Amino acid sequence: MSPLAEKDRAVVQLLLDAGTCPRCVLRFCCVGSQLLYRHPHQDLMKDLQEFLKSSQEKEDTVCLEVADPPCKRSRLEHSREEGAGDVKHNGAVPQLPSAGTGNAAMESSAGKVCNVCLGVLQEFCEADFVKKVCQKVNSADYQFTSFVFSVSLPPQLSVRERAAWLGVKQQMRNLGLPLAKDDIVQLKEAYKWIIHPQLSEELGVPADGKSLFEVSVVFAHPETDEECHFLATACPDCFKPAKNKQSVFTRMAVIKALERIKEEDFLKHFPCPPSSPKNLCDALEIQCNNGAVFVAGRYNKYSRNLPQTPWIIDGERKLESSVEELISEHLMAEFKADSFNFSSSGREDVDVRTLGNGRPFAMELVNPRRIHFTAEEMKRLQQAINDSSDKIQVRDLQLVTREAIGRMKEGEEEKTKTYSALIWTDKAIQREDIAFLDDIKELQLEQKTPLRVLHRRPLAVRCRLIHTMKSEYIDEHHFRLHLKTQAGTYIKEFVHGDFGRTKPNIGSLLNRTADILELDVESVDVDWPPTLAD
């Protein structure tokens, strides 16, 4: 037990007598040796016993042979008298037991649940629990090459840590030694020091703080759940109801309150050191989670009866499928994900086709079990999507990073789009009547939010540009117009005017009523994702 010094004897004795486990004793003695925490629980107990015994023998020798200066016990007794103002929960100064009571303390502490960690650094560091965690991980059937381990502790542990720290701090003050709370090894840190090597050996992969595969354990201790409730009276501002939180006594709220409450107020409500509980913590949940995987590509939509995303109004489904669902069905099955988030570079109406090289899209696959795909496997997946429906086709399907998706959105406002619109006019037209449209460049529009989308978008006037137009005469009442426009231009409204809400419009330019019969997106000029070889 070489990391312990003579100054630690009083702290070791105090904590063991209070029912603290040997690993928590090491934490409060600020021992930073990771290997030491991995020693078996019983071995650590024996080491602490030997430490107290050897310390006592040395002190007895010093007391017999040296008259001046006085031995530590004398100084300690003197400091007790001076420090009589320091009080416990019940108003008494915590008395330092002699090392002669060490064996009894060891025996009583050995079979108890730790009064500080509530058993986290006891039973839950053993091989049986590690195997239980690994069985859960292996049965979940994830692909991973490393892992990060996280722990969720009950909030009352922070209260018990504070109570133990106040007791230790007082003993150190009696010895004339300083102790900062930051010097104490945190419970989570010590637990990971112990558990990481065991998990790594059992799972066959290294622990890595940057790993996307997370193994987490959620601990609870119902017996002591109410121990932090007194803080709500002392610091009511720290405990406010929040969405998705079952209790206001969250770990962060408790920590915030502990930072605010005065020591004397804390000691009025909570014993110092804390008492030992009857029961161990419960490992409520052992969970696995893989970081999201991102897939990108381009899609063509050939149907005029297919929305981009599910079309549901007031809980009623209007059409049986969507672009999103036709693609996600296959990706979800292959990646074995829990859910997905679909995004794209703009969107088309249900009755609009997307032709040319397609529209860029990306899909975030949440908590996928499978994450490794070769280029050949991605090609087969793309083919499976394309074979499943004649309404869409996908190209350039590939794995991308989260950061790369930003490129799809970056140019959304600046990009241009090319459209083809089939237009009808009420009055007969000749070729020469529409030829002038070809000469118009950079036509500026003022578009009020269209009536058809006003229910979901704010009322505003948007300035948009029609860069170029090219007309194609069909007959006296029909012509096709090819347009290159600024992103975000409402093409249908540019044709029919939307009751004067878009100015100018094709109807006003031709001086007659015009309407749109068909609209196709011919290109979306975003150079992403990268084109793949066939």
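Select Lys301 and Ile392 to begin: Lys301 stands opposite Ile392 in β9. Strands such as β9 (392-400) are DSSP runs of E of at least two residues, and helices are runs of H or I of at least four residues, both numbered from the N terminus. The model is predicted; local features need pLDDT of at least 70, side-chain atom pairs count only at pLDDT 80 or more, and totals for chains, interfaces and linings use all residues. Residues are numbered from 1 along each chain as its sequence is written, and side-chain values use heavy atoms, with hydrogens and water left out.

**Strand β4 and its partners**

Next, select β4 (293-301). This strand is joined to β9 by 7 bridges, and the two run antiparallel. Another 8 bridges join β4 to β8 (residues 353-366), again antiparallel; Ala296 has Ala362 as its bridge partner in β8. Two strands are said to pair if DSSP finds at least two bridges between them. In general, strands of a sheet pair through backbone hydrogen bonds, either parallel or antiparallel.

Now display the side chains of β4. Val293, Val295, Gly297, Tyr299 and Lys301 point one way, while Phe294, Ala296, Arg298 and Asn300 point the other way, and all are buried. Buried means under 20% relative accessible area, exposed over 50%, and partly exposed in between, with a 1.4 Å probe and protein chains only. Because 9 of the 9 residues of β4 are buried, the strand is largely enclosed by the rest of the structure.

**Helix α14**

Move to α14 (residues 375-388), whose 14 residues should span 20 Å at 1.5 Å a residue; its end C-alpha atoms are 20 Å apart, which agrees. The expected span is 1.5 Å times one less than the number of residues. Which residues of α14 are buried? They are Met378, Leu381, Gln382, Ile385 and Asn386. Seen down the axis, the buried residues of α14 fall within an arc of 135°, so they line one face of the helix; the arc is that of the directions from the helix axis to the C-beta atoms. The face turned away from the buried side carries the exposed residues Arg380 and Asp387. What covers the buried residues of α14 includes β4, α13 (323-335) and β9, where contact means heavy atoms within 4.5 Å.

**The sheet β1-β2-β3**

Then select β1, β2 and β3, which form an open sheet in that order with mixed pairing. The edge strands are β1 (148-152) and β3 (282-290), each of which pairs on one side only. Strand β2 (residues 213-220) is joined to β3 by 8 bridges, and these two run antiparallel. Within this pair, Glu214 has Asn289 as its bridge partner in β3.

**Backbone details**

Select Cys272 and Pro273: the peptide bond from one to the other is cis, with omega near 0°. Pro273 is in the loop between α12 (263-269) and β3. A cis peptide bond also joins Trp528 and Pro529, with omega about -5°; Pro529 is in the segment after β15 (514-524).

Lys336, in the loop between α13 and β7 (339-344), is a residue other than glycine with a positive phi, near 55°. Lys336 is partly exposed, with a relative accessible area of 43%.

**Confidence**

Finally, colour the chain by pLDDT, the predictor's confidence in each residue, from 0 to 100. The mean pLDDT of the protein chain is 88, and 88% of its residues reach 70 or more. Over residues 60-102, pLDDT stays under 50. Where pLDDT is low, the predicted coordinates should not be read in detail.
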